[in-house]
Amino acid sequence: MRVVFAGTPDFAVPSLEVLLDSSLADPVAVYCQPDRPSGRGRTIRPGPVKSKATKAAVPVFQPEKINTPEAIAQLKSLKPDLVVVVAYGALLKKQHLEIPRLGCFNLHASLLPRWRGAAPIQRAIEAGDAISGVSLMRIVEELDAGPILAQSETSLDEHVTGGWLHDRLSRMAADLLIQNLPALASGKLTEQKQNRSKVTYAKKLGKEESWVDWTNSAGQIERRIRAFVPWPGCMFSIEGRPLKILKASAIPHQESASPGQILQVGPEGIVVQSGKGAIRIEKVQKPGGKAMHVADYLNGHSMHAGITFDTPEKG
């Protein structure tokens, strides 16, 4: 069957790879978002999916807007039997959904209907969910609201980071796709409507969320630190020096200081008062620097109990 794949970041690469390797699929085109500046030098580079498709000699299309008459006509000219979407970065409209003979399907990094939207991986960790997973669903015009064909789940423990879960779900999405490709090819599908009473939304991540709010509980802060690794990260500032927290632990502590005040400094970490309990900061990174254990950071920087971290102004 003729398959059009739409995806942009590295999360989508394994799913494209299984389509390229499958005897059931003939990938006739790949759609990606236009190349954007990235990295510290703001260099324009092709994205991971584009690079993979180019190496496989699959035509790549990168319309600035997918909903123009020209873009719709282009997709129609490919005569796809199936469209598979994985982290593409744009919503398909009714005109797109009517083009492929077998329909348009999406692999989403959550157990729908929980965490529809842009940042399901990070929001699941931040909320303290015990499980996460991927969902294969038919695309409808409403965001992430289509009927579900299949799901696969994984457990989350207290050490899971956003980066780890991203890689885990990326591979699981590819496995779920290849397992269900025969059903997609046959058109004989069992679909289940989402339970609207259980819908939650995962709002897009923003750098403005990076700064730690020490009035939150230690558990909330620790989960956000893990969720935001590697991006956007969690930051704090002391005497005007920003630091990114890469690893921390929530520890029980009776409130005896103001949120953001240092309680203890030692080789095991910096213990800071939160709104409830305390946080032990164990691994940090200076802007543009390497990750380091707190003990190494303290070798070159003075810090002592009683200091209160800066409170950045909220924009």
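A residue is called buried here when its relative accessible area is under 20%, exposed when over 50%, and partly exposed in between, using a 1.4 Å probe and protein chains only. Helices (H or I, at least four residues) and strands (E, at least two) are DSSP runs, numbered from the N terminus.

The model is predicted: local features need pLDDT of at least 70, side-chain atom pairs count only at pLDDT 80 or more, and totals for chains, interfaces and linings use all residues. Residues are numbered from 1 along each chain as its sequence is written, and side-chain values use heavy atoms, with hydrogens and water left out.

**Stop 1: strand β7**

Select residues 104–108, which form strand β7. Five of its five residues are buried, so β7 is largely enclosed by the rest of the structure. In a regular strand the side chains alternate between the two faces of the sheet. On one side of β7 are Cys-104, Asn-106 and His-108, and on the other Phe-105 and Leu-107.

Strand β6 (residues 82–86) runs parallel to β7, joined to it by three bridges. Here Val-83 has Cys-104 of β7 as its bridge partner. Strand β9 (residues 131–138) pairs with β7 in the antiparallel sense over four bridges. In that pairing, Ser-135 of β9 is the bridge partner of His-108.

**Stop 2: helix α7**

Select residues 218–227, helix α7. Its buried residues are Ala-218, Ile-221, Glu-222, Ile-225, Arg-226 and Ala-227. To see what covers them, show elements including α5 (120–126), α6 (162–186) and β16 (278–285).

Which residue forms a salt bridge with Glu-222? The partner is Arg-226, with the closest N and O atoms 2.7 Å apart. A salt bridge is a side-chain nitrogen of Lys or Arg within 4 Å of a carboxyl oxygen of Asp or Glu. Glu-222 and Arg-226 lie four residues apart in α7, about one turn of the helix, and both are buried.

**Stop 3: other salt bridges**

The structure holds 17 salt bridges. Select Lys-50 and Asp-35, whose side chains meet in one of 2.8 Å, N to O. This pair links distant parts of the chain: Lys-50 is in helix α2 (residues 48–55), and Asp-35 is in the loop between β2 (26–31) and β3 (37–38). Asp-35 is partly exposed, at 27% relative accessible area.

Next, select Glu-282 and Arg-280, which form a salt bridge of 3.3 Å, N to O. Glu-282 counts as buried at 11% relative accessibility, whereas Arg-280 is partly exposed at 27%.

Finally, select Arg-123, Glu-126, Glu-209 and Arg-224, which a network of salt bridges links.

Definitions and conventions: Contact = heavy atoms within 4.5 Å. Pairing = 2+ DSSP bridges.
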